[in-house]
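Colleague: I have a structure to go through with you. Could we take it one topic at a time?

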Amino acid sequence: MSEYTAVITGGSKGIGADLAQRLLERGYRVVSIARGKPEWDAEAVEHIEADLLDPASVSAVAADIAARYDVTHLVHNAGLIWPNLIEEAKPEDITGLAQLHLGAALTLLQAFLPAMKNRGFGRVMFNASRAALGASTRTAYSASKAGMIGMARTWALELAPHGITVNVVAPGPVQTDNFWGIIPKESEREAELAKRIPVGRLGQVEDVTNAFLFFCDPANSFVTGQTLFVCGGSSIGTLTL
């Protein structure tokens, strides 16, 4: 039986799927929560379908997992963008993404926290975004991703005495389905965007999972409340999506 059990939201594809597979290689058991059917499978992973936009659905899945596993790692990776200009933005956009990016994380952690505290060990991670610093057409998205950073810092303070670290990975433009839903794949716009990033390329899924693996590692217990921008330098330069 694995010593560590990681719950990854949005683990059916993209960054979440890559991280799940790399944790499996390290001997973890993985539970993936996603709205859609997974694009992959393995012996030591359990795929659970749930809509994290629905608080009742999150509560049910959190209770189910907590009853069957002593969760040691929570990676809240699931996310949606819902881009629009200010004139088209709606208050319900903010409410919806706050539930997905913040409320779901809170409900899951509350369910898993007793086991983490009992063990005196835990790793909690968020997949935020460089857009937390601001990006055009991202009213609700930027607000909720910035909220992740503030919430993670608060949790880090409260949970540090229990051996539980809380950290944030904030990717820049990374070639995933979410990215290609806004920037057409292999388009001139995609190529131009890559040129404007200081390192001269777009991010790959592995760039982000490498950062998560650092925060997952039990050996890295002296780093908490931090936000690591994995963005090719775009968080310190100018970038227009």
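Modeller: A definition to begin with: a residue counts as buried under 20% relative accessible area and as exposed over 50%. Please keep in mind that this is a predicted model.

Colleague: Which residues of H2 are buried, then?

Modeller: The buried residues in H2 are Ser57, Val58, Val61, Ala62 and Ile65. They lie on the same side of H2, because the arc they cover around the axis is only 125°.

Colleague: And which residues are exposed on the other side of H2?

Modeller: Ala56 and Ala67 are exposed there.

Colleague: How many residues does H2 have, and what is its reach from first C-alpha to last?

Modeller: H2 spans residues 55–68, which gives 14 residues. Its reach is 20 Å, close to the 20 Å expected at 1.5 Å a residue.

Colleague: Turning to the strands, how many residues of E5 are buried?

Modeller: Six of the six residues in E5 (residues 122–127) are buried, and the strand is thus mostly covered.

Colleague: Which of them point one way and which the other?

Modeller: Gly122, Val124 and Phe126 point one way from E5, while Arg123, Met125 and Asn127 point the other way. In a regular strand, side chains alternate between the two faces of the sheet. Here the residues pointing either way are all buried.

Colleague: In which sense, parallel or antiparallel, do E4 and E5 pair?

Modeller: E4 (residues 73–76) pairs with E5 in the parallel sense, over four bridges. Within that pairing, His73 stands opposite Arg123.

Colleague: A new topic: how many aromatic pairs does the structure hold?

Modeller: It holds four. One of them joins Phe214 and Phe215 edge-to-face, at 5.5 Å centre to centre and 70° between the planes. Elsewhere, ring pairs link Tyr4, Tyr28 and Phe121 into a cluster.

Colleague: Is Phe215 buried or exposed?

Modeller: Phe215 is buried, because its relative accessible area is 4%. Phe214 counts as partly exposed, at 37% relative accessibility.

Colleague: Lastly, where is Asp18 found, and what is it in contact with?

Modeller: Asp18 is found in helix H1 (residues 14–25). Setting aside neighbours within four places in sequence, Asp18 is in contact with Val205, Glu206 and Thr209. Asp18 also counts as buried, since its relative accessible area is 17%.

Colleague: What does UniProt place at residues 4–172?

Modeller: The unreviewed UniProt entry places the feature "domain: Ketoreductase" there. In the model, that span is 45% helix and 20% strand, with its end C-alpha atoms 29 Å apart.

Conventions:
Residues are numbered from 1 along each chain as its sequence is written. This is a predicted model: local features need pLDDT of at least 70, side-chain atom pairs count only at pLDDT 80 or more; totals for chains, interfaces and linings use all residues. Side-chain values use heavy atoms; hydrogens and water are left out. UniProt positions are given in the numbering used here, feature names are shortened, and annotations may be inferred rather than shown by experiment. Helices (H or I, at least four residues) and strands (E, at least two) are DSSP runs, numbered from the N terminus. Buried means under 20% relative accessible area, exposed over 50%, partly exposed in between (1.4 Å probe, protein chains only). Contact means heavy atoms within 4.5 Å. The expected span of a helix is 1.5 Å times one less than its number of residues. The arc is that of the directions from the helix axis to the C-beta atoms. Rings of Phe, Tyr and Trp (its six-membered ring) pair if their centres lie within 6.5 Å; planes under 30 degrees apart count as stacked, over 60 as edge-to-face and the rest as tilted. Two strands pair if DSSP finds at least two bridges between them.
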